[in-house]
Amino acid sequence: LSLFETKVNNAVTEIITRNETLTAQRVKDYILGNVCHSYTLSKAAMKHLELLSEKTRQEITLDCYRRYEITYNDLIEHIGDKPLSEITVGDMLSYKTRVMNNHQASTAYGYMARCKSLFKFCVDNKWLDVNPMATMKLSKAQKKVEIITEAEYRKIRDKRFDIPRLEKVRKLFILACNCGLAYSDLML
């Protein structure tokens, strides 16, 4: 009986040092050897960022990597560094509401898409049984694009500037209009 009591005390100590929620089921799992070393949100985010940093040179840009960092830090700040198994749909809905209130729709969509990718990564690695964002639908807001008229285009094309910097901008704009280049293509 005292040996069993020692096992229970060791299990409780282990659970508390891992900063996991102490439940009877978790103690039972530790004693029976069914221990699933749960990842916390920050550890999972770090692992995902490590994977992304390897891809930075080939597949994603440094700016994209930084957006993941910002999103994960914001998520951890909002719901805390909980074990993954304790993150609920309610936590994620609360975070979604916060992001939607603090950012424009397209930015909020990006935040939530990055969170969804983190939880998918956790499920794929079997650190999480149920994705708390699995039922959440993300809809990307369509930006309204305003097209300039032919008259506005001719006005810009025929206008000359004395300032070299403005003249260069005008020429790049005309080039983009004539060739169909995106602003991001001109930035390179």
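Visitor: Which residues in helix 3 meet which residues in helix 4?

Guide: In this predicted model, L41, S42, A45, H48, L49, L52 and S53 of helix 3 meet Y65, Y68, E69, Y72, L75, I76 and I79 of helix 4. By class, the residues of this contact are 10 nonpolar, 3 polar and 1 charged.

Visitor: Why are helix 3 and helix 4 called roughly antiparallel?

Guide: Helix 3 (residues 41-55) and helix 4 (residues 62-79) pack at about 180°, with axes 11 Å apart. Angles over 145 degrees count as roughly antiparallel, so the term applies to helix 3 and helix 4.

Visitor: What makes helix 3 and helix 6 roughly perpendicular?

Guide: The axes of helix 3 and helix 6 (residues 105-124) cross at roughly 95° and come within 10 Å. The range for roughly perpendicular is 65 to 115 degrees, and helix 3 and helix 6 are therefore given that label.

Visitor: Which residues make the contact between helix 3 and helix 6?

Guide: L41, A44, A45, K47, H48 and L51 in helix 3 meet S117, L118, F119, F121 and C122 in helix 6. The contact of helix 3 with helix 6 has 8 nonpolar, 2 polar and 1 charged residues.

Visitor: What lines the second largest pocket, by class of residue?

Guide: The lining has 9 nonpolar, no polar and 2 charged residues. Arg and Lys count as charged, and the lining includes R165 and K168. The volume of this pocket is about 240 Å³.

Visitor: Which helix gives the most to the lining of that pocket?

Guide: Helix 8 does, with 6 residues.

Note on methods:
Residues numbered from 1 in each chain as written. Predicted model: local features only at pLDDT ≥ 70, side-chain atom pairs only at ≥ 80, totals over all residues. Heavy atoms only, no water. Axes fitted to C-alpha atoms, helices over the stretch in contact; angles between N-to-C directions. Helix = DSSP H or I, 4+ residues; strand = E, 2+ residues; numbered from the N terminus. Parallel < 35°, antiparallel > 145°, perpendicular 65-115°, else oblique. Contact = heavy atoms within 4.5 Å. 1 Å grid on protein atoms, 1.4 Å probe; cavity = no way out; pocket = protein on both sides within 12 Å on 5 of 7 lines; lining within 4 Å. Points joined across faces, edges and corners; volume = space filled by probe spheres on them.
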